[in-house]
Amino acid sequence: MIIQNFNHKMAAHCESGTITSLLNHGGLNITEPLVFGIASGIFFGYFHKMKSFAFPTFIVRNKPGQMRTNIEKRLGVKFQTYDFNNPAKGQQTLDQLLDRNIPTAAQVDFFYMDYVPSWERVHINVHFLAVIGREDNKYIISDAYFPKVVELDAASLEKGRFAGGNMSPKGFIFHLDKLPSDIDYNTAIIKGIKKACFYMLKIPIPFLGIRGMRMFARKVTEWPKFARDTEHLSHEIMKINILLEDQGTGGAGFRFMYATFLQQAADMVGKPGLKELSGELMKIGDGWREISLFSARIGKNRDLGPDKLKQLSEMIYDRADVEERFFKSLSQAIK
Amino acid sequence: MITDMTIPTEELKLEIKNLIMSTLAIEGINPADVDNDQPLFGGSNALTLDSVDAIEIIMAIQRTYGIRIADQSLARQVISSINTIALFITEQRQNPTT
């Protein structure tokens, strides 16, 4: 069986895309950028030395799961969530939900999604997709990264849902439980923007927000001392491009998606100034893309001398400066 | 609907091949040997590119044609072959969305 009328759509990001699909199926006409923006998805964090990471790294969005909880709070929708220690119980619950025609989002390790070409698959424990049916020993999957609905063996889905390691999914699934009769988009959008501005400008933690961006700029020149050799360093430098562009960010570390959110939100909240800020953020995103390109290039060419890392550092400092001005303007625009 | 106006020209396809080859400093390949329809990534085309090359191509398209491919899932489809790039550029010239 396959759940009827589930509209498969590609999305920029797996979590916001999956949440959007579930909301759309439930009857709420909302776009992925609106979900991302209302959920205050835009973020920055730099992690120089942390137990969970073998090498310094950074994030450009809020933590996995937070988009769902923020959307619940701001739109008044309710998702039912489940996690499991026992894979058999996890499968049974999923089957029961599908048998009740309930599209169900699952958190998986992307590596086991074998409908994706092998050269694109990497181990990421926080990939989200929607399971929209089952037939024999296969599940019907709507994966926002894939152009069409696909089938996946039950064994592969189980491996993905119960993969080990950091941020293990533990069979986590969720589905839409309740939609409110009325949604106050104006308040939801303003709250979402205010929180994003707080995260970027005022969060009192030195490695988060704009301060985190400046820490990244300062510390990236120290990366060679963490690397085993040039190969390792080049791999980590090239990962900057992957984190900004390849992992479902919508391009430029989610900056383009947030710009689209502001464009769409401007009319909804009657603040045309947000459209100008949207254009500004698109240009800021172009600067992040220059960083992606520069990192990819110096990493690939193994051209990783101190002068190149200093240049990279200056490019990141520059993004911190323009984003600080941008978020201050955004904060003013919604007063 | 595909009309004559949205059918990419052979000139544009050749221009794209040359753009990719100059951007990535690829030498020793005749543009005519690059199959318009074969995948550029992970395939057996004369140009076999990797994911690092993707950002180079996306930026080169933006600089040359003024078209920003913001959405990464769209980018994966757009730059999958010479034909898909040419079609995207032709469509964007008709109806700009980025």
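The mean pLDDT of chain B is 84, and 87% of its residues reach 70 or more. Select helix α1 of chain B, residues 10-23: among the elements of chain B, α1(B) has the highest mean pLDDT, 94. Now pick α3(B), which has the lowest, 76. Where pLDDT is low, the predicted coordinates should not be read in detail. The model as a whole scores ipTM 0.76 and pTM 0.89.

This is a predicted model, in which local features need pLDDT of at least 70 and side-chain atom pairs count only at pLDDT 80 or more, while totals for chains, interfaces and linings use all residues. Residues are numbered from 1 along each chain as its sequence is written, and chains are lettered from A and ligands numbered from 1 in the order in which they are written. Helices (H or I, at least four residues) and strands (E, at least two) are DSSP runs, numbered from the N terminus.

**Stop 1: where the chains meet**

Show both chains. 11 residues of chain B are in contact with 21 residues of chain A (in contact: C-beta atoms, placed from the backbone, within 7 Å). On chain B, select α2 (51-65) and α3 (72-78); these elements each give two or more residues to the side that touches chain A. Which element gives the most? α2(B) does, with five residues. By class, this side of chain B has four nonpolar, five polar and two charged residues. Here Ala, Val, Leu, Ile, Met, Phe, Trp, Tyr, Cys and Pro count as nonpolar, Asp, Glu, Lys and Arg as charged, and the others, Gly among them, as polar.

**Stop 2: the sheet of chain A**

Six strands of chain A form an open, antiparallel sheet in the order β3-β8-β4-β5-β6-β7. Two strands pair if DSSP finds at least two bridges between them. The edge strands are β3 (78-82) and β7 (150-153) of chain A, and each pairs on one side only.

Walk across the sheet:

- β3(A) and β8(A) are antiparallel, with five bridges; A:T81 has A:F174 as its bridge partner in β8(A).
- β4(A) and β8(A) are antiparallel, with two bridges; A:A105 stands opposite A:F174.
- β6(A), residues 138-142, and β7(A) are antiparallel, with four bridges; A:K138 stands opposite A:D153.

Next, select helix α1 of chain A, residues 14-25. α1(A) packs on the sheet and touches β4 (104-108), β5 (127-135), β6 and β8 (173-178) of chain A. The direction of α1(A) makes about 45° with that of β5(A). Axes are lines fitted to C-alpha atoms, for helices over the stretch in contact, and angles run from 0 to 180 degrees between N-to-C directions.

**Stop 3: two domains**

Colour chain A by domain: domain 1 is 14-178 and domain 2 is 209-333. Such bounds come from an automatic or database domain assignment. The two centres, taken over C-alpha atoms, are 25 Å apart. The contact takes 18 residues from domain 1 of chain A and 21 residues from domain 2 of chain A. On the domain 1 side, select α2 (32-38), β1 (42-47) and β2 (57-61) of chain A; each supplies at least two residues. That side has 12 nonpolar, five polar and one charged residues.

**Stop 4: a helix pair**

Last, select α9 (255-269) and α10 (273-300) of chain A. They pack at an angle of about 170°, with their axes 8 Å apart. α9(A) and α10(A) are therefore roughly antiparallel to each other (an angle over 145 degrees counts as roughly antiparallel, under 35 as roughly parallel, 65 to 115 as roughly perpendicular and the rest as oblique). Residues in the contact include A:F256 and A:L262 of α9(A), and A:L281 and A:W288 of α10(A). The contact residues divide into 12 nonpolar, three polar and two charged.

How values were computed: Contact = placed C-beta atoms within 7 Å. pLDDT = per-residue confidence, 0-100.
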